[in-house]
Amino acid sequence: MKAVIIGSGIAGLSLATMLRNNGFEVSIHERETQIPVRGHAFLMHPDAMEVLNSLSVYLPEQEIPGEVIDKIVLKRPDNTVLQATELESWICMKRSDMIQYLNFFIPFVEIHYNNSFSHFIYDSDRVSAAIFDNGDIVYGDLFIGADGSKSMVRKALFGEMAFTPVEVKEIVGIVRQPELAAQLKNTFTKYMSETQGLAVGMIPCSKEEIVWFMQFDIRLQREVVKTPEKIKEFCQQQLKDFPAELQVMLEANDFSTNYIWHSTDFDLLPTFHKNNVALIGDAAHVALPFTSSGTTNALLDAQKMAELLLRHEDFEDAFKAFYSERSKHLKEHIELGRAIKKSFLATANDKITLPLIVQLQEGERKIAPKIEILYFTDPVCSTCWQVQPQLRKLALLYGEYFEINYRMGGLLPSWNNFNRGGIKNPIDAAEHWKEIALENQMSISPDVWLHSPLASSFPPSIAIKAAQLQHKIKAFRFHRRIKELIFIESKNIADIDLLISTAVEEGLDRDRLVEDMGKMALIRFEEDLKYASELDVQVLPTFIFTNELNEEVILRGYQEFDVLEKAILDLYPLAEKDRRKRKPLELFKIYHSMTTHEFAYLMEMDKTEGENILINLSHSGFLTHKKNQSGVIWKLNRSL
């Protein structure tokens, strides 16, 4: 079944990912000559994050970008607070970050750039192919228009739209101001004039950057404002009576990067499809920007469309159900945007409407219950290294159903009076690792205990806790990387300089890591040791699976995959295995580095076949590799 998606924005890429991961052949066509990252940033409702989280199981190690926004404060220019409202963890995200994140899910060959839609070829009343301006003819079974508010697909189906007159314009920019971003914290601050249709908002979109916008009644603009100099002059003139931090922000802003948006919309269409062609996102519906609902609705559209196409055998039945389920909410958003605009222009109106859609799809949330896996481990635990392939396979097949909480077990405090399983000194540890290497296919080198033995596993454990204080995904990668350093590369991971340099390579902040290792991470590490003692954890690894009913499954020591799988199914019998067959490079997008055994294990092939594929990918430049006496670490080439 082939789906031709026209437009590689947020709606198009999200739908393509969902369909592709459920067996559809997907072809994406974009009018731009490269990844379309035009635009600044946007706010997303928590419902949108649920969609992104559902996608993230396909790339669990790829960080979802964005900054949490948990409060909105509306003020007058004199800083009088009109309204302060707690939010349920909205997200502010740069558009470029979002598009690049979604592109991780799609192989390069499936997106065709410089393909501007021209018209359809029909077979009776159904479309058989899409024609593009460059002469390309693309055949498919169904066609999705996701080509934005000026959609050519919509025009081909329904003709020209009657857009509402532009009464409000919006100047949007991003400025790098770490101090102001820290001052705003996780708050959307909006200043609203009392005497005219004029407002300015500031929202942190990262720890260092702020997206800002100025909305204004077009009657305030006496001349055409297009050049950066004129835009700056206009903003400074209009905002001269607003707080000082706004003036500082304007001075720091690069006005050559600003956009001027013309706020307009159109009435809800009577349908979003004709036969085997449908519209989603801004191609199907446009609400005024006052609601901050556009990006969220693009993701919700993609999710709902994918769900219905999988549920219905007939495309048209799916498209009709899509309109039935989405149109009511979308009509409300269009009407609310218009109401807020009316209030904005009628400055004598003292009633302030929250400029956000608070609830987008009441009663529609369906979230699989999460199982918590409490995982007690240690950076020098060889059994924890041996079980890595099984854990990765569990995440591939059942990742949407569980979350792992990594706790340190404190395996090696020091060698003073140490005696664990007959291991009393580094020489004993080396012999033990030699035995493990003979018994298990996961590469492991004992050389670190012969040439540069660790005095304790506490320093790397504390470093992992420090990383966790900064960033969950980066901490996970850091944890994995230091395991590779000791088990494959025979490096002494108790070396503080090595820990810090490795953390920086994984994107962690050096100064904060050092500071936290000296205090907060040490406290967290001691809490882990205390918790392990309370739970009588005497074997590493120890896995404690717990569901929402507080039912438990406890596993101690090395585990085969079927035992881990059974624990998931015992606690959530409705869990469904992800049966997609991933291509090699897709696997490397999920797990950025793998041993030869891990790759072959996850691809379900023998080691020789897996090694041949890895060598070919390396020769083609897709992978890099680092070979040691004990084995090879293969990594995705990030320069591509």
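Over the face of which ring does K393 lie at 4.6 Å from the ring centre? In this predicted model, the ring in question belongs to F561, and K393 also lies over the face of Y601, at 5.3 Å from that ring centre. The points below turn from this charged side chain to the pairing of aromatic rings, then to the nonpolar cores, and finally to the salt bridges.

**Aromatic rings**

- The count of aromatic pairs comes to 25, and one of them is formed by Y375 and Y406, whose rings are tilted at 55° between the planes and lie 5.5 Å apart, centre to centre.
- Because Y375 belongs to strand 18 (residues 371–377) and Y406 to strand 19 (residues 402–408), this pair ties together parts that are 31 residues apart in sequence.
- Both partners of the pair, Y375 and Y406, are buried.
- Elsewhere, ring pairs link W385, W415, F418, W433, W449 and F487 into a cluster.

**Nonpolar cores**

- The largest nonpolar core has 159 residues, and the members that touch the most others are M44, L52, F120, W449 and F545.
- Helix 8 (residues 294–311) gives the most to this core, contributing 8 residues.
- When neighbours within four places in sequence are left aside, F545 is in contact with a list of residues including I371, I373, V553, L555, L564, I568 and L571, and the charged residues E372, E551 and E552 are also among its contacts.
- Another core, of 24 residues, lies apart from the largest one, and L184, F216, L246 and M249 are among its members.

**Salt bridges**

- Across the whole structure, 33 salt bridges are found.
- Within helix 15 (residues 472–487), E484 and R480 stand 4 residues apart, about one turn of the helix, and their side chains meet in a salt bridge of 2.9 Å, N to O.
- E484 counts as buried, because its relative accessibility is 0%, and R480 is likewise buried, with a relative accessible area of 6%.
- R481 and E489 also meet through their side chains in a salt bridge (2.9 Å, N to O), and both of these residues are buried.
- In helix 17 (residues 510–518), R512 and D516 are 4 residues apart, about one turn of the helix, and they form a salt bridge in which the closest N and O atoms are 3.4 Å apart.
- Salt bridges that share partners join R392, R480, R481, E484, E489, K491, E598 and K626 into one network.

Technical notes. Residues are numbered from 1 along each chain as its sequence is written. This is a predicted model: local features need pLDDT of at least 70, side-chain atom pairs count only at pLDDT 80 or more; totals for chains, interfaces and linings use all residues. Side-chain values use heavy atoms; hydrogens and water are left out. Rings of Phe, Tyr and Trp (its six-membered ring) pair if their centres lie within 6.5 Å; planes under 30 degrees apart count as stacked, over 60 as edge-to-face and the rest as tilted. Helices (H or I, at least four residues) and strands (E, at least two) are DSSP runs, numbered from the N terminus. Buried means under 20% relative accessible area, exposed over 50%, partly exposed in between (1.4 Å probe, protein chains only). A charge sits over a ring if NZ of Lys or CZ of Arg is within 6 Å of the ring centre and within 35 degrees of the ring normal. A nonpolar core is a set of buried Ala, Val, Leu, Ile, Met, Phe, Trp, Tyr and Cys residues joined through side-chain atoms within 4.5 Å. Contact means heavy atoms within 4.5 Å. A salt bridge is a side-chain nitrogen of Lys or Arg within 4 Å of a carboxyl oxygen of Asp or Glu.
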